[in-house]
Amino acid sequence: MSTPKQIHLAAHFPGVNNTTVWSDPAAGSHIEFSSFAHFARTAERAKFDFLFLAEGLRLREQGGLIYDLDVVGRPDTFTVLAALAAVTERIGLTGTINSTFNEPYEVARQFASLDHLSGGRAAWNVVTSWDAFTGENFRRGGFLAQHDRYSRARRFLEATTELFDSWHGDEIVADKESGRFLADPAAGAFRRKDEHFDIAGRFNVPRGPQGRPVVFQAGDSEEGREFAASGADAIFSRHAELEAGKAFYQDVKGRLAKYGRARDELLILPAATFVLGDTDAEARDKAHEVRRSQVSGQTAIKLLEQVWNRDLSAYDPQGPLPDIDPDPGEHTVARGRASVRMHRDPLAVAREWRQLAEAEGLSIRDLMIRTSARQTFVGSARTIADTIDSFVQAEAADGFILVPHVTPGGLDEFADSVVPLLQERGVFRADYTGSTLRDHLGLRIPPPAGAAPREAAS
Ligand SMILES: Cc1cc2nc3c(=O)[nH]c(=O)nc-3n(C[C@H](O)[C@H](O)[C@H](O)COP(=O)(O)O)c2cc1C
């Protein structure tokens with residue numbers, strides 16, 4: 001029998017959205033450091049590969065009203081990860097930072113610093129951001145259409161790579177006689193000019209323990225997939241179901257060869273939620289309750305408005321779907337004013353939902369509970385361990401980024417019940433064997449691009 005694939009597991013700090021159940025009596029602060037520390041320590045105790053923070057740079061709004069769940073707030077990613085580096089030792093620290101509203105020099109400096117401070121545990125999830133509202137926070141406004149966001153993301157990643165590689169790792173040499181440290185005069189030099197950037201100078205953070213931080217990508221479109229295949233180390237995907245996961249896995253891994261990359265150089269890690277119970281039946285009951293808590297009547301109307309692209313506040317969430325069709329014009333409800341488009345045709349979605357609602361007698365809220373709530377793994381610890389293992393062995397994923405629905409204790413039960421079962425089967429590490437995130441993920445340290453061969457220091 002061939003050796004089973006090893007599973008990678010990561011912990012997504014609960015999101016500022018309706019997946020997180022704030023009405024749960026166990027729900028705590030989303031801001032206080034103790035919440036982040038508890039969550040990170042639990043993930044590290046369970047020997048997870050990394051902790052993951054998503055990013056949102058503005059309180060979201062719809063119809064002039066802030067989403068009620070967003071007001072829990074979202075502190076700055078680098079500040080949180082740097083603080084977590086000090087209270088953990090092995091777990092990787094992944095931050096989502098967009099390439100649309102930042103500058104390469106600053107982002108490279110922040111990640112290189114985090115990589116040093118954490119002893120080689122930094123990872124960057126490069127996103128382009130989907131809502132145009134966010135741009136209004138920044139001096140350029142909501143300024144880039146989807147295609148231009150990816151073109152900037154590519155150039156941004158190239159520029160930061162050049163910055164990370166502007167130190168080759170052998171610039172600082174101890175002079176044996178004087179005992180002083182001497183720097184290579186070429187250290188940190190960079191120059192870059194393309195359609196998005198015109199920058200030159202000297203980067204002031206030496207190469208970190210991982211060479212470069214691990215790079216994640218989280219876009220799903222054709223462009224997003226190509227971007228990932230060309231340069232990312234891992235993908236944070238939304239395809240956690242078996243068949244969809246297998247199709248996505250094959251698609252993206254199949255794109256690697258043309259970039260001269262091997263299949264194991266890019267890990268596919270879907271986001272996955274879970275609901276545990278003592279038995280499968282108990283877990284199913286709990287999962288039903290969780291879904292109902294995640295989609296209140298008000299949330300259901302907001303979700304429907306995102307497809308209908310209209311103000312539906314006058315509709316009763318307990319009543320039937322609107323008779324009017326979605327507004328096919330420019331999508332302004334949830335994403336702001338710029339031209340960030342929906343992937344699916346809203347009229348087709350409306351048709352599909354009407355048929356479903358009619359066939360099963362569903363109200364607006366029932367339908368939204370049915371169609372919006374993502375519950376990936378539901379069952380006893382054994383069922384969930386079996387399912388995760390079988391999905392990874394079937395190449396639907398290389399592992400999962402778990403999104404608990406309670407902050408900050410939502411991972412505790414998983415760590416205590418599912419992880420030991422995976423360890424018993426020999427498909428998940430019993431302890432860390434390396435110290436960097438690249439070690440945990442089985443990724444090599446990239447040599448500096450274009451590094452001129454250097455004479456070994458004598
Ligand atoms: C699973 C997943 C997670 C994402 N997480 C974030 C995030 O935390 N912050 C953000 O600004 N954008 C996030 N995005 C948005 C992407 O960066 C991108 O802007 C969006 O998906 C549109 O690109 P696409 O058409 O290639 O999917 C995420 C996308 C996906 C698929």
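**View 1. Composition of the shell around the ligand.** The shell residues divide into 6 nonpolar, 8 polar and 3 charged. The model shown here and in the other views is predicted. Of the 17 residues around the ligand, those that come nearest are T128, Y150, A218, D220 and S221.

View 2. The side chain of Y150 places a polar atom 2.5 Å from an oxygen atom of the ligand. For T128, an N or O atom of the side chain is 2.7 Å from a ligand oxygen. D220 takes part through its backbone, with a polar atom 2.8 Å from an oxygen atom of the ligand. The ligand taken alone exposes 610 Å², of which the protein buries 91%. Helix α4 (146-164) and strand β12 (234-237) are the elements that give two or more residues to the shell.

**View 3. Aromatic pair F48 and F414.** The structure holds 19 aromatic pairs. In the pair of F48 and F414, the ring centres are 6.2 Å apart and the planes stand at 85°, so the pair is edge-to-face. F48 lies in the loop between α1 (33-45) and β2 (50-53), and F414 in helix α12 (residues 412-424), so the pair ties together parts 366 residues apart in sequence. F48 has 0% relative accessibility and counts as buried; F414 is buried, also at 0%.

**View 4. Aromatic pair F48 and F428.** F48 also forms an edge-to-face pair with F428, at 6.3 Å centre to centre and 85° between the planes. F428 sits in the loop between α12 and α13 (437-441), 380 residues from F48. With 3% relative accessibility, F428 counts as buried.

**View 5. Aromatic cluster.** F78, F111, W124, F156 and F197 are linked into a cluster by ring pairs.

Notes
Residues numbered from 1 in each chain as written. Predicted model: local features only at pLDDT ≥ 70, side-chain atom pairs only at ≥ 80, totals over all residues. Heavy atoms only, no water. Near = heavy atom within 4 Å. Polar contact = N/O pair within 3.5 Å; in protein donor to acceptor, adjacent residues only side chain to side chain. Areas by Shrake-Rupley, 256 points an atom, 1.4 Å probe, with all protein chains shown as cover. Helix = DSSP H or I, 4+ residues; strand = E, 2+ residues; numbered from the N terminus. Nonpolar A, V, L, I, M, F, W, Y, C, P; charged D, E, K, R; others polar. Phe/Tyr/Trp six-rings, centres within 6.5 Å; stacked < 30°, edge-to-face > 60°. Buried < 20%, exposed > 50% of the residue type's maximum accessible area, 1.4 Å probe, protein only.
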